[in-house]
Amino acid sequence: MPGFGHAVYKKGDVRVPILKKFFEELSREKKDMSYFGLCEKIEQTMLKAHRLYPLTKHPSFRWWFPNVDFWAAPVYKLMDIPSYLNTPLFAASRIVGW
């Protein structure tokens with residue numbers, strides 16, 4: 001599932017709460033909570049699935065938690081960054097680690 005799971009963070013991406021809070025503040029500033037509400041619903045649905053399929057019984061199901069990119073895409077949208085730049089931004093932010 002795009003935007004969910006992480007190779008390192010098995011219990012959720014530790015960067016998510018920081019970006020999620022920024023996204024909520026930006027949404028309020030822009031007076032557009034629609035993306036934030038939608039993302040929260042998607043996140044809650046995935047977390048509900050995690051409760052239904054716990055890792056103790058399904059160890060390969062590690063993709064229930066949103067990663068930072070899940071929250072970054074709508075932040076880019078609210079910042080008026082064209083969607084075709086999402087992939088280059090993703091790659092540019094990781095090139096040193098690669």
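## The nonpolar core

A nonpolar core is a set of buried Ala, Val, Leu, Ile, Met, Phe, Trp, Tyr and Cys residues that are joined through side-chain atoms within 4.5 Å. In this predicted model, the largest such core has 16 residues, and those with the most contacts inside it are Leu19, Phe23, Cys39, Phe70, Trp71 and Val75. Helix H1 (16–30), helix H2 (34–52) and helix H3 (68–78) each supply at least two residues of this core, and the largest share, 6 residues, comes from H3. In soluble globular proteins, nonpolar side chains tend to be buried together.

## Helix H3 and its ends

The buried residues of H3 are Val68, Phe70, Trp71, Ala72, Pro74, Val75 and Leu78, and what covers them includes H1, H2 and helix H4 (86–94). At the N-terminal end, H3 is capped by Asn67, which has a side-chain oxygen 3.0 Å from the backbone nitrogen of Asp69. Just after H3, Asp80 takes a positive phi of about 60°.

## A buried lysine

Lys20 lies in helix H1, and Lys20 counts as buried because its relative accessible area is 18%, where the cut-off for buried is under 20%. Apart from neighbours within four places in sequence, Lys20 is in contact with Phe36, Glu40, Glu43 and Trp71, and a polar contact of 3.5 Å joins the side chains of Lys20 and Glu40.

## Salt bridges

Side chains of opposite charge can pair when their charged atoms come close. The structure holds 7 salt bridges, one of which joins the side chains of Asp13 and Arg15 at 2.7 Å, N to O. Of these two partners, Asp13 is buried, with a relative accessible area of 5%, whereas Arg15 is partly exposed at 31%.

In a further salt bridge, the closest N and O atoms of Arg28 and Glu24 are 2.8 Å apart. Because Arg28 and Glu24 are 4 residues apart in helix H1, about one helical turn separates them. Arg28 is exposed, with a relative accessible area of 52%, while Glu24 is partly exposed at 27%. Elsewhere, salt bridges that share partners join Lys20, Glu40 and Glu43 into one network.

## A nonpolar patch on the surface

Phe90, Ile95, Val96 and Trp98 form a nonpolar patch on the surface, and together they have about 520 Å² of accessible area. Trp98 is placed in the segment after H4 and is exposed, with a relative accessible area of 65%.

Notes: Residues numbered from 1 in each chain as written. Predicted model: local features only at pLDDT ≥ 70, side-chain atom pairs only at ≥ 80, totals over all residues. Heavy atoms only, no water. Buried < 20%, exposed > 50% of the residue type's maximum accessible area, 1.4 Å probe, protein only. Contact = heavy atoms within 4.5 Å. Polar contact = N/O pair within 3.5 Å; in protein donor to acceptor, adjacent residues only side chain to side chain. Patch = residues over 30% accessible without salt bridge, like charges linked within 9 Å, V, L, I, M, F, W, Y side chains within 5 Å. Areas by Shrake-Rupley, 256 points an atom, 1.4 Å probe, with all protein chains shown as cover. Salt bridge = Lys/Arg side-chain N within 4 Å of Asp/Glu carboxyl O.
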